[in-house]
Structure formats: structure tokens, C-alpha cells
Amino acid sequence: MSYRRLFIKRLAAVASVVAASTALSLSLQVPAANAQTKTIKVGVLHSLSGTMAISETVLKDTALMAFEEINAKGGVMGYKIEPVVVDPASNWPLFAEKARQLLTQDKVAAVFGCWTSVSRKSVLPVFEELNGLLFYPVQYEGEEISKNVFYTGAAPNQQAIPAVEYLMSKEGGGAKRWVLLGTDYVYPRTTNKILRAFLKSKGVADKDIDEKYTPFGHSDYQTIVADIKKFAGGGKTAVVSTINGDSNVPFYKELGNQGLKATDVPVVAFSVGEEELRGVDTKPLVGHLAAWNYFMSLKNPENDAFKAKWAAYAKSKKLAAADKPLTNDPMEATYIGIYMWKQAVEKAKSFDVDKVSAAMGGQTFKAPSGFTAKMDEKNHHLHKPVFIGEVKSDGQFNVVWKTPGPVRAQPWSPFIAGNDKKKDEPALMAAKK
Amino acid sequence: MRKILLTLFLLAVVCARPAAALDAAAVAKLATGEGDEKTNAIAALIAEGDPRALVILEALGAGELQTAGNRVFIVKDGKATDAITGANIASIPPGAEDVVVNNRLRGVVQAALAAASLMSADRSMRLAAAKELAAGADPAVLPLVTKAFEKETDPEVRSLLAQMTATAQLKSGAPEERIAAIRTLAKSQSGNTRTILASVLETEKDDVVKAELQRSLREIDGRLAWHQRAGLAFAGISLGSILLLAALGLAITYGLMGVINMAHGELIMIGAYTTYAVQNLFRGYAPGAFDWYLAAAVPAAFCVSAIVGMVLERGVIRWLYGRPLETLLATWGISLMLIQGMRTLFGAQNVQVVNPAFMSGGIEVFSDIVLPWNRIVIIVFAFAVLAAMWLMLERTRLGLFVRGVTQNRAMASCVGVPTTRVDTWAFGLGSGIAGLAGCALSQIGNVGPDLGQSYIVDSFLVVVFGGVGQLAGTVYAALILGLTNKLLESWSGAVIAKIAVLVFIIIFIQLRPQGMFALRGRAVEAG
């Protein structure tokens, strides 16, 4: 009997440790650097567990790689970067807690992090209250310019609208009918609102637009694919997919199995990149599209160097994906953000948030996309080129269309009513949530 | 553009002049030109009627065409040949780049190749070409189709071509001819018939023809509606079979044994990862037999999950029998450990499980309904597992013991049944079936550490809805939930459907807490 009781005690202890480690998450603190060298703490706020770990883990590694690279070359103004990595575990309120911890306890100079718009909205009040500095590396729905955030991902006019324009063009197939398919949360809903207004302005009638949403983690796309087929019976149809996370895998599998070919009904996706296609057999998907500001398949010296660096880093750190290292758009955006922050610090000669913020405007960086990305003087968003790629049988993308040069972001989309009155410069955003 | 191209192609076929040297300029344009230049180049190439042109187009469609400087060549399996002469090239020139093919170009290439193979001597190639063209039904191909139709002797290909030629007669010809054409088209299974007829209706002046058109459209609409319902029923049964697989194991461990096993989902996940591991072994050591990896993965998934389940039962659950709350907490903790363990072992990323070739694609029942092979295989598999489980419980000694122990433990123990060992075996069986579910799920969904989390709630719902302790109930519940879910989804979208099903189950359980099928008699009171 006592043995049993002891066992239960042990079990309870184990269970509580496990619960604590997952529910509260581990905060990995990198040991302080040599006391003689000057160090500066920088936060990394990406989910390393939970549903978003799939996409966000590589961003944490990209950030660490960039820090290592900068430190090897003498650091920022002679200060070695000391990363503070925390895991908000795909839990939106925890993002805010961890952000507060980074800013008040660790007193980091800047934070690189967040993926979903929900997580960004949840940390926004913290950054504005404590006057922190966040670099957000993912494409999003716009409708926001916070003075404490720099957005290195794409605004809708740098991704969604060019993609739809391409599909309408002769080269893209001349689509007349549109299925707007997304996961049910703020990013797809806002993007689709913008796209609907844009399509209407191009003379597409409401009956030719079909808007559909699925819950997070939806895995059975049989009826949705069947509905798309039926809808496509009424004329040349294109699908705009804002499905997020790993739901994309069953969606694309179903498309392939039901024989919906890209030459008949092309699907353009805004959240599917090289990393998301890792889990999919891409042979039936050849020709489906994605719009991004960077593709791994781009051929230029900067990208070759970036890919080589990442492959070497993944190998040296024995990352899980080291046997097939992939780079993608948010990784590039993270990398650009870190280097721009370094340049801004060196220009401001200070780590002070307001001074760095002021120095950010106009910073340029020769990005792996092959173009020089520039931080807008006013609106905290990057000027970036737009690429549209078709899926190849090896899971890479074949660039079929690109803008001649970088495009300025329009965070306040002109296709949402009332936005024409909003100023294209930062303000406090938290109250407007 | 496509029209010009195909007319040119038609000319080429009709003239069939002796092969001339391939136009090097056109090939160069094909490789380096922009948009229309490329399609023009395709037309020019085809117009020459050189068999080499078809080789180049096939390579272009397959993305095998590359270019370096002025040279255009085909790279296949790492070997390069010159596109124009067909001569081997010793090594791929440095700085070689893929020729970019977009969807529009690919469509043009496919249509051109299909049109070319309409005259092929091989029946299967003609059939494939006719199907390809029938789906697109470009008016430009019609003269060619008519020509092929006259020569065609195979009935299946002929009927496809007949439908396409009918399209040509729709807009011209006497009213009787038009009506005949409409009737032919109305019988066709092709997906775009409705679109063609509807567009003709808008311009048709003749009242008799108009009435015929409307009648045909109604007929087609009626048929399409039936196809839709059939497709929906299939989707529902498919979802039902997945729910059934996920819940069957739980029907034993929770339904019969009464253990609230929160780690059930993780046992499914372990089965899926076992499939992944077996797949990798096959890829590494027996790539020739890769298509048969599932034959090894199914027993492997069963065994691995069963062993994990038995260890779980021996190590933890056995000490907690009769204390559901503690069992719930302990198994939940274990589920977290298993998830984190998998994450450390295989990484947080999803892993890729490739369908064997025979499970990719689907059978085309009607032109608008394709039943995917992987779902058909899973439906059959689910019912095979069900049959095997039923046989095991009803016809074997172990099954007899399991039933005996679950119905009256004390009495079973009295007559000499080793109850503790039976518990372990039964739990192992339930876990093994969860592993089988994982193996099946790996073929349609994601394989990641969180896989089990999305099925645990559904599994409990099915078992509770069907009636705890009832296998038949589990089967009915899975199918009913699958069908209801799909039916609602087609009416109201996936988000509302999910909510509606949950609300329905809450109300149902309120009214009938024992589930659809309740155990009656002494066993219940004793339990």
C-alpha cells in the first residue's frame, strides 16, 4: 500500500512538473556573457510550443543566427547582443505577460517576435504602455501603425492585391469568379474585406464572390473543395486562400486528390511558404500560387549567402530541419528587421527606444530578395518587392511575376471605408483595438 | 491566342509536310521570351509539324527545359540533351536556368499535346486526350475534333468526341440539328456542358430550340443535384469512418473498461509517427517496395501503440482503477509528456507522410464528383478493423474474458479469470486500435505532436453519444455525427456546423444521458 502511495506521489510530482512546463512554458535564459565585454539584452518572443510552433520556431532560430553573426563581427556599437528567448506557447494572453517580463525584468532594448495578428494585438498595449520596441516580421492585414512597432512583413497592398491583380490579368488566367477561403479570425476576415472591395471596384459582382471560413485546425476539406468545383462551373474561377497554419496540408491534399488542377482553378495562398509545404506531397499541386516578398528560389548573391548561412547554422546547431534547410519570407523579414535595428542604433548612438525609432526611418538594407529594402520615413513599414510564385514539384516556388522594384506599404488600405482620413504615420494603437 | 495556336496546329496536322529543321529562333523565344512571345513560339513550333517540337513541348510542360545563354536544352534525370538536335550534352552548362512556365502556358501546352495525340494509334492516349479536351472544350479545337471523330472507331472515345462536335452544331445549323446537338450534350457527363448550354440559351432566338434548351438545363440541374447529394453522403461516410477509427479504441478502454484515458489521442499520434518511421525505413532500405510500406506500417502502428498502452496500464492506470478523477489527471499528464517527448524526438514541425501511389488521386464517378482513393481505402479499413475487433471480442477466449471481466469482475475472478492480466490485454487492444487510427489519419491529415489533441474530444463525443459500453452504438454514432456534420457544413459553413453539432450533442445528452443505445439489465446495476 505504501508503495502505491509513494508511486502516486511521484506520479503527481511528474504530472505537475509536466503541466508547469507546458502551461507556464519554459523561459530559456541564455547565460550572461563575459562580464568584461559590454552586453545588451534583446528579446525574442516566438511560440516554441503549441499550434504556431510549426511556423515560429524557425524565426527564433533565424534571430539567434543573426545575433551570432552580428556578435562575431563586433556586436552593436561594441555591445554584444545577449538574446533573451521566451516561449509564449501559442497562448495569446501569455504573449502579453512575456512581453511585460521582457520589458520590465530583462529590460531588453528591442523585441523581435509574434506571428499571428491576435498575438500582436495582445502585446500592443504592453509595448505602448512601457514604451518598448517590437519588430513584427509577418505579412498581416494592415489597419495599424503603432509608434512602438516596426512592421517588416507585407501590408495588403504588398501581397494580397498584387496577387489578385495577377490572377485577373491575361497572363494569370483571367479569373472572373472568386472564392475567398480563410481561417476564421481577424487576418483573413480583414484581408477578405479589403479584397471584396477591391474586386467590386474592378467590376466583379457579389454573386461572383464566395467567401468561406473554416475553424483553426480544420482538417476535412471535402465539402469545401466540392463547393469550389461547383462554383467554378459558372466561369473561370480563382481561389484566394488565407488558411493559416497546418490546415493547409489537408486542404492541398484534398485539392490534389479531387483532381482540381491549377490550370483550371488556381489557388493563391498568402500564408503558405516553403516551410508550410514541407509536410505536403507537392506533385499534384504544381502550378498553385503564393504571393510573398521573398522566395527561397530567388537567384541573387544576397540570397545565396543567406541560404548558405542558414544551412550552416542549422547544421552547427543540429536543428530538426537541418537535413533539408529551408528559408522563407518571414525569416527574411526577421533578418532584415534585426539588421535595420542594428543600423538604427548605430546611427542614433543609443539604445533609447525613441532615438532608435527616429533613426529607423529611411534605413536601407540589401535584402536576400535581391532588392534594397527601405524603412519608410513615416509609416513604420518596409518598402518591399512583391513576387508571385507557382509551386514546383520539389516544393519550391517558380517566380512567374514580380514588381519592377520595392513597393511602399499602405497600412491603411484605401479599400476600407474611412481610411482615407487616417494619417499615414504612427499613433498609439492600443486604445483603438 | 489559344485559338490561333490550335488552328495553326490543325494546319500542321492536315498538311503533315515532311519534317523540316526545327526553327531555332522559335525555340530560343520559347525559352527566353515574355508572355505572348512564348505562346507565339509554341504556335510556330507546332506549325512546323516536326516530331521534335512535341518532345520540346512535353519537356516545357514538365518543367524540364533549361537555358544558358543562347542554348536551350532538356534536363531529365540529371542528363542534358540539346533541345533542337536531341544530341547529348556532356555536362549541364554553368548558370543554367529553368524556363519559367506559368499556368497559362501550361494550359496551352497541354491542349496542344492533347490535340496532337487525338490522332495517336494508341487507344488509351486518344481517350486521355479526348478527356483532356472535353474538360476544356475550347471552340478552336472543334475542327480537329470533327476530323478525329470521323476516323474514330473506339466507342468510348467516339462518344466523347461526339459531345464535343455537338458543341460546334449548337450555334450554327438548322433548328433540328441544334435540338439534336442539345440532346447529345444533355446526356454528356462533362462538367462544362451546363455552362455551354446556359450561354447558348442567352443568345437563342428560336422558341422550340429555347424550350428544348430549358428542358435540358432542368434535366442537367436535377442530375447535378443528385451528384451533389451523393458526394455529400460520401463525405459524411468518410468523416464517419475517421471518427469511428478514432473512437473504436476508446470504446474498449472507456466504453468497456471504464478508464477515462486522456492520452488516447496521443496513442493515435504514436501510431501516426510509427507510420512515418516505417515509411522512412522503406524509403531508405527498400525504395522499390515503397508503395507497400503501409502493409508493414499497419501492424507496426498496432504493436507500438499497444505496447505503449500496456506499459501505461501496468505502470500507472492499474493503480488508479475505480478513481476516475485521478485517472483523468494522470493520463492527461501522460498525454502532455508524450506530446513533449515526440517534440523532442521528431521536432515541433509536422512530418511528411507520403501517400503510396495507389492512394493518390481518385476515381471519377461523374465528371463533377471524384472520390479520392485515400478516403475509400480508409472507409474500407475502418470497417475491416471493426469486423476484426468484433470477431476478437465475440469469438476468441480473450474476448470472452474481456466481456466477462467488464460485466462482472468479481464473478469472473471467482471462476478463475486472471482479471488483472485481462485488463492489460484489453487496454493493449484498445491502444493498438488507436495506433491503427493514427496510421489511417497519417494518410489524410497532418502528422505532428499535437495530432491527438484534435481527435480526443471527438472520440469521447462519439463514445458517449453512442452509449458507453456499446460497440454498435459507437458505429452508429460515428456515422450519424459524420453525416450530420457534412450536411450542416454544406448548408451553413464549417464554423457554424461545428457549433451546431456540439449544441446538438449537449441537448441530446441532457435528454438521454445514457446515449443512443443503453445497456440494460443486471450488468448495469452491478457495474
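1. In chain A, helix α4 gives way to Asn131(A), a residue with a positive phi near 50°. Helices here are DSSP runs of H or I with at least four residues, strands are E runs of at least two, and both are numbered from the N terminus.

2. This is a predicted model, in which local features need pLDDT of at least 70 and side-chain atom pairs count only at pLDDT 80 or more, while totals for chains, interfaces and linings use all residues. Residues are numbered from 1 along each chain as its sequence is written, chains are lettered from A and ligands numbered from 1 in the order in which they are written, and side-chain values use heavy atoms, leaving out hydrogens and water.

3. Helix α4(A) covers residues 117-130, and its 14 residues reach 20 Å from first to last C-alpha, close to the expected 20 Å; the expected span is 1.5 Å times one less than the number of residues. A kink of about 35° occurs at Val123(A), shortly before Pro125(A). The bend is the angle between axes fitted to the seven residues ending at a residue and the seven starting there.

4. The buried residues of α4(A) include Arg120(A), Val123(A), Leu124(A) and Phe127(A). Buried means under 20% relative accessible area, exposed over 50%, and partly exposed in between (1.4 Å probe, protein chains only). Among the elements that the buried residues of α4(A) pack against are β2, α3 and α6 of chain A.

5. Arg120(A) forms a salt bridge with Glu144(A) at 2.9 Å, N to O; the term requires a side-chain nitrogen of Lys or Arg within 4 Å of a carboxyl oxygen of Asp or Glu. Glu144(A) belongs to the loop between β5 and β6, and the two residues are 24 residues apart. Both Glu144(A) and Arg120(A) are buried.

6. Between the chains, 60 residues of chain B contact 59 residues of chain A, contact meaning heavy atoms within 4.5 Å. The buried area is about 4,700 Å², with 50% from carbon and sulfur atoms; this is the accessible area (1.4 Å probe) that the two parts lose on being put together, summed over both.

7. Five salt bridges are counted between chain B and chain A. One pair is Arg375(B) with Asp220(A), at 3.6 Å, N to O, and both residues are buried. Arg375(B) and Asp220(A) also belong to a salt-bridge network with Glu254(A), Lys486(B) and Glu489(B).
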